[in-house]
Amino acid sequence: MKVGKIVLAALAGATGALAALYRTRLQTAASIREVARSEDGYGIYAMDVTYDYDIDRIERSGYEDSAGYVQAVLAESLPFVPVHIDVPSFGCSALQVQTVDGMWLTGLNYDFKRDTSMMLVHCTPKDGYESIAFAALDNIGVVDPTTSLVKRLACLTTPFICLDGINSQGVTVSVLTLDSKPTAQHTGKPKLSTSLVMRLVLDRAATTDEAVDLLSRYDMIALMGRDYHFFISDVTGKAVVVEYDCKMPERTMTVTPSNVVTNFYIMYGQDVSLTDNASEFGHGYDRYETILDILCREDGEYRLETVWDCLREASQLPNPDDITSNTQWSVVYDHVNRTADVVQRRQWEETYHFAIGSQ
């Protein structure tokens, strides 16, 4: 039986509580609209999340691995409905600068070898901050979510698989893959997975320091057999990379100030070079150097175009042998105005604008 028919059949004979549970989920699914579509069929879509989710309930599920996380997400977003999703992998380049007119901007490339459509996920949680963030629809097996109820319902999981975003307090967060052994802390704290970090920070952190404090309260569990680090910045210009030390058996959480990051440990940047571009410390030093060269050339006279220059020069063409190739989208976040300008799949001449409060 199709997923959509299952939901509709359940609603037809549902109790008031169950009907209410899915009423807002169906409203969320109905809000999905196409923003743009490229010639190869991949598009930009947007969705307003109006159903009440509980990230604490996901955490309390006690998941220990990717499969457990997926089940917890499905139970939260699509209770009683059988849908399959994958936990995303991530490869990116990111930077933060202050422009000559005093604006703090964060730029980011999302790189992944498989082509994907993207979803702008607009959340307004009752007990959290409004946010906009981007998710890769490839991870739920969807190219065009508007073609069926099944695909629309699958998109209800996207608040929990976002890759980067900004909230109403001007905090941005993104996740980038590493090449080290996946982090699996076991100190007795509550468990927090890679993907849930994004939702936790966007919903609950008003500053970079608050985001770091939030992460310090959890044991990190990296998903999908890969390791990760996080780039967090705020409206004051404080930018840090949160990493879990691959040299330490306990994978100690470490916070390093940095306004540029790619796919290697910032804390061990001195151990990564252009001639040794793949090791336990990661890769992507060439992109890191490319961004630094542009920033050095501009010598502090940064403008919006500086950020776009960095993203263009650090973007990557498809390479099926490299998981962090093939730039799927590039986005510039404005911390002051709480906006996102995005380019899909290296189509630099077409920029799409989104703003918190105007969805």
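**Surroundings of Q344**

Reply: Leaving out residues up to four places away in sequence, Q344 touches S38, Y42, G43, I44, T116, S117, M118, Q328 and W329, where contact means heavy atoms within 4.5 Å. The model is predicted, so local features are reported only at pLDDT of at least 70 and side-chain atom pairs only at pLDDT 80 or more, while totals for chains, interfaces and linings use all residues. Residues are numbered from 1 along each chain as its sequence is written, and side-chain values use heavy atoms, with hydrogens and water left out.

Q344 lies in strand 18, which covers residues 339-344; helices (H or I, at least four residues) and strands (E, at least two) are DSSP runs numbered from the N terminus. Q344 counts as buried because its relative accessibility is 7%; buried means under 20% relative accessible area, exposed over 50%, and partly exposed in between, with a 1.4 Å probe and protein chains only. The Q344 side chain also reaches the backbone oxygen of G43 at 3.2 Å.

One of the neighbours of Q344 is W329. W329 is also among the residues that touch the most other members of the largest nonpolar core, together with L95, F134, F160 and L215; this core has 109 residues. A nonpolar core is a set of buried Ala, Val, Leu, Ile, Met, Phe, Trp, Tyr and Cys residues joined through side-chain atoms within 4.5 Å. Helix 6 gives the most to this core, with six residues.

Helix 6 spans residues 194-204 and holds L200. L200 is buried because its relative accessibility is 2%. Beyond four places in sequence, L200 contacts I55, L192, A205, L214, L215 and Y218. L200 and D56 are 144 residues apart in sequence, yet their C-alpha atoms are 9.3 Å apart. F160, in turn, touches I55, S195, L196 and R199, among others beyond four places in sequence.

L223 lies in the loop between strand 10 (219-221) and strand 11 (227-233). At 1% relative accessibility, L223 also counts as buried. Its C-alpha atom is 6.3 Å from that of T194, 29 residues away along the chain.

As for confidence, the protein averages a pLDDT of 89, and 89% of the residues score at least 70; pLDDT is the predictor's confidence in each residue, from 0 to 100. Over residues 6-14 pLDDT stays under 50, and the model has 14 contacts beyond four places in sequence for this stretch.

Notes:
A polar contact is a pair of N or O atoms within 3.5 Å; within protein, one must be able to donate a hydrogen and the other to accept it, and residues adjacent in sequence count only if both atoms are side-chain atoms.
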